[in-house]
Amino acid sequence: MPRISRAASVSWEGNLARGSGAISGDSGAIEGLPYTLATRIADPEGKTSPEELVAAAVGGCFTMSLAGELTRAERPPERLDVSAVCTVDEVDGRHLVTAVQLGVRGRVPGIDAETFARIAREAEQGCTMAALVRASAEVRLETTLEGGRDGG
Amino acid sequence: MAADRRAEVKWRGDLMGGAGEIERVGSGAFAPLDVTWASRTEEPGGRTSPEELIAAAHASCFSMALAGALARAGTPPQELATSATVTFVPGTGITRSALEVTGTVPGIDESAFREAAEQAKDGCPVSGALKGNVELEVTARLASA
């Protein structure tokens, strides 16, 4: 398989406390998103942050990974709704991404809740972005199957 | 302090033929954004991907850490222009995130700037989450040098 590269760029002006930056992705899908230290650690006030982008990256990757695993198990999903929460905390004086909490609600014909939960765990283990952030973060997962029949 | 940041994603259909959306983010700063397997692994066609978002997270985290380190050293930057390029090998995973930064920083020399960039690369929280799993590198230069 070929290597795939994706790039993003940032321009930052000024010092850390009072400066601000702008974030763009080379695809053009995100462009000039402003961010600051104050909105990163306190109220976001409509501004994104590295942590929100990590949440979106891990959430987007896990969702695709689960769609792939369910398809392999011949239970392609009708719909998956995933949330991802990225937590940064201070540990021994350093700021670390300590957790990424994933939640998934699925509508998947012909599957029971137990099988869905097992395949979701496998998808989480296989997800590239979840693997990536495990250097410092605990990745947690909660699953809900819509209209699922337990053991059915 | 602990800060939580949230994103929500939906997907319809199987992996190859289906399509997803980064439906909303907690801040409301962006989204909805379409994502598909084809745009992730072939031409982006104007669509974002997990790799682009992690590149954006890494470049933005690194830029802030470097601005902080430069300010602490008494040489705050006027401007930092940073890019991060993340390489994904299907079947293997993410292998590399390469940062490049060009700085306009009064009163600093090239080697002190490079040293500060290395420290920011090692110390920013997103680097902390990635390192060990992926090769991290930074190329730093001064704009006017």
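Two strands are taken to pair if DSSP finds at least two bridges between them. Helices (H or I, at least four residues) and strands (E, at least two) are themselves DSSP runs, numbered from the N terminus. The structure is a predicted model, in which local features need pLDDT of at least 70 and side-chain atom pairs count only at pLDDT 80 or more, while totals for chains, interfaces and linings use all residues. Residues are numbered from 1 along each chain as its sequence is written, chains are lettered from A in the order in which they are written, and side-chain values use heavy atoms, with hydrogens and water left out.

Chain A contains 4 helices and 6 strands, arranged from the N terminus as β-β-β-α-α-β-β-α-α-β. Its C-alpha atoms fill a box of roughly 60 × 35 × 30 Å along the principal axes. Of its 152 residues, 53% count as buried, where buried means under 20% relative accessible area, exposed over 50%, and partly exposed in between (1.4 Å probe, protein chains only).

Strands of both chains form an open sheet of 6 strands in the order S3(A)-S2(A)-S1(A)-S4(B)-S5(B)-S6(B), with mixed pairing. Its edge strands, S3 (33–35) of chain A and S6 (135–142) of chain B, each pair on one side only. Strand S2 (residues 20–25) of chain A pairs with S3(A) in the antiparallel sense over 3 bridges, and Ala22(A) has Pro34(A) as its bridge partner in S3(A).

In chain B, the axes of helix H2 (residues 50–72) and helix H3 (residues 110–123) come within 9 Å and cross at roughly 130 degrees. Axes are lines fitted to C-alpha atoms, for helices over the stretch in contact, and angles run from 0 to 180 degrees between N-to-C directions. H2(B) is therefore oblique to H3(B); angles under 35 degrees count as roughly parallel, over 145 as roughly antiparallel, 65 to 115 as roughly perpendicular and the rest as oblique. Contact (heavy atoms within 4.5 Å) is made by Phe62(B), Ala65(B), Leu66(B) and Leu70(B) of H2(B) with Phe113(B), Ala116(B), Ala117(B), Ala120(B) and Lys121(B) of H3(B).

Ser65(A) is placed in helix H2 (residues 50–72) of chain A and counts as buried because its relative accessibility is 16%. Leaving aside residues up to four places away in sequence, Ser65(A) touches Ala123(A), Gly126(A) and Cys127(A). The C-alpha atoms of Ser65(A) and Glu122(A), 57 residues apart along the chain, are separated by 9.0 Å.
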